[in-house]
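Subject: Structure handover

Hi,

Here is the structure I promised to pass on. Have a look first, and my notes follow below.

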Amino acid sequence: NTLRVMLRHALETEAFELHYQPLHEAETNALLGFEALLRLQDGEGGYISPGKFIPIAEEMGLTPRIGQWVLNEACRTAANWPQKLSIAVNLSPQQFREDLVTVVESALALSGLAAERLELEITESLFIAEPQSVADQLHRLKALGVRVVMDDFGTGYSSLSYLWKFPFDKLKVDRSCFMSLAESESVGEVLRTISAMSGAMNLRVVAEGIETEMQRSFACQAGYDELQGFLCGRPMPREAAMQYILTAN
Ligand code: G
Ligand code: G
Ligand code: MN
Ligand code: NA
């Protein structure tokens, strides 16, 4: 309940913060960009994770407004980086019920960020309710020049039909898959197959949750294009991300 009260006032009290986690090119280790991850300040110097508060914010109907803040803040930050790196933003299903295309257009216009640098990450739960309206909006977003990413692949239904039907540019394979890698040989086979399938569909494929050198070298050999995980870098505040950029490459 205190969480509900905090959430209701979090935008006015400026209690939200974005942290940025790097994505690196598998082959060259070059820094490609960052994923923006939302954090709620707990008032005692710590943070509450979105896994805890996003479901409640959804229930309270707050995610469209929070999501608009996230888009504006992420685009403004990326526009100030000294290199043309990409910025990925996670969207929640409710944002597709409001005028998402206008919100994205205005975040780009206000920040001056080129649309080609913005990636929008969505999960398949989105398609269950209103697939046609979601598809229409994704096509309109792509027409702006932004890229659309399927997140958390390998959890839930992981339906191939979503990959056929919707205009994705990139597929992120969930970290739980790479965490199971050590458990059995067949996991590795499946992860290689997903990478090959992505290539056949012209999708870039990202390995998430890379924590060990073993996972990293597996992902590289299996043909993953991009790596994300604690081995490359943890989510970090805006100032630290700027330092990271200045010392990377
Ligand atoms: O950072 P953490 O591991 O706690 O993130 C938990 C979940 O919250 C992840 O699935 C991530 O995609 C999601 N998430 C992070 N930032 C945002 C955001 O700005 N909006 C939405 N809708 N989800 C987010
Ligand atoms: O669902 P999504 O992929 O957007 O979730 C991103 C979340 O995953 C981030 O909040 C981040 O903290 C977490 N994460 C990123 N890399 C790693 C990793 O290597 N290990 C673990 N355990 N979590 C990670
Ligand atoms: Mn994500
Ligand atoms: Na994920």
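L163 comes out as partly exposed, because 17 other C-beta atoms sit within 10 Å, and partly exposed covers the range between 12 or fewer (exposed) and 20 or more (buried). Please keep in mind throughout that this is a predicted model.

To place that residue for you, L163 belongs to helix α7, which spans residues 160–165. Setting aside neighbours within four places in sequence, L163 has contacts with M150, F168 and M201.

A second residue I looked at in the same way is A135, in helix α6. A135 is partly exposed, as 14 other C-beta atoms fall within 10 Å. Leaving out neighbours within four places in sequence, A135 is in contact with K165 and F166. Along the chain, A135 and P167 are 32 residues apart, and 8.0 Å separates their C-alpha atoms.

Now the helix packing, starting with α3 and α4. Helix α3 covers residues 63–79, and its axis comes within 9 Å of that of α4, with a crossing angle of roughly 30°. That angle is why α3 counts as roughly parallel to α4, since the cut-off for that label is under 35 degrees. The crossing of α3 and α4 is right-handed. On the α3 side, the contact is made by Q68, L71, N72, C75, R76 and A79, and on the α4 side by V103, V104, A107, L108, L110 and S111. Sorted by class, this contact of α3 with α4 has 8 nonpolar, 3 polar and 1 charged residues.

Helix α4 (residues 100–111) also packs with α6 (residues 131–144): their axes come within 10 Å and cross at roughly 20°. So α4 is roughly parallel to α6, and α4 passes α6 in a right-handed crossing. Here L100, V101, V104 and E105 of α4 meet Q137, R140, L141 and L144 of α6. The class count for the contact of α4 with α6 is 5 nonpolar, 1 polar and 2 charged residues.

What about α1 and α2? Helix α1 (residues 2–9) packs against α2 at an angle of about 75°, with the axes 10 Å apart. That angle makes α1 roughly perpendicular to α2, because the label applies from 65 to 115 degrees. L3, R4 and L7 of α1 make the contact with F53, I56 and A57 of α2. By class, the contact of α1 with α2 divides into 5 nonpolar, no polar and 1 charged.

- Ligand 1: the residues around it are L37, L38, S49, P50, G51, I54, V70, N90, L91 and S92. Both β2 (31–41) and α2 (50–59) supply at least two residues of this shell, and α2 gives the largest share, 3 residues. The shell around ligand 1 has 6 nonpolar, 4 polar and no charged residues.
- Ligand 2: there are 14 residues around it, of which L37, G209, E211, G229 and F230 come nearest. The shell around ligand 2 divides into 4 nonpolar, 5 polar and 5 charged residues.

L37 is listed around ligand 1 and is also one of those that come nearest to ligand 2.

Finally, two backbone details to check. Most residues other than glycine have a negative phi. N29 has a positive value, near 65°, and is found in the loop between β1 (16–25) and β2. N29 is partly exposed, with 13 other C-beta atoms within 10 Å. D152 has a positive phi too, near 60°, and lies in strand β6 (residues 147–153). D152 counts as buried because it has 20 C-beta neighbours inside 10 Å, and the cut-off for buried is 20 or more.

Happy to talk any of this through.

Best wishes

Methods: Residues are numbered from 1 along each chain as its sequence is written. Chains are lettered from A and ligands numbered from 1 in the order in which they are written. This is a predicted model: local features need pLDDT of at least 70, side-chain atom pairs count only at pLDDT 80 or more; totals for chains, interfaces and linings use all residues. A residue is near a molecule or strand if its C-beta atom, placed from the backbone, lies within 6 Å of it. Helices (H or I, at least four residues) and strands (E, at least two) are DSSP runs, numbered from the N terminus. Ala, Val, Leu, Ile, Met, Phe, Trp, Tyr, Cys and Pro count as nonpolar, Asp, Glu, Lys and Arg as charged, and the others, Gly among them, as polar. Two residues are in contact if their C-beta atoms, placed from the backbone, lie within 7 Å. Axes are lines fitted to C-alpha atoms, for helices over the stretch in contact, and angles run from 0 to 180 degrees between N-to-C directions. Angles under 35 degrees count as roughly parallel, over 145 as roughly antiparallel, 65 to 115 as roughly perpendicular and the rest as oblique. A crossing is left-handed if the near helix is turned anticlockwise from the far one by less than a right angle, and right-handed if clockwise.
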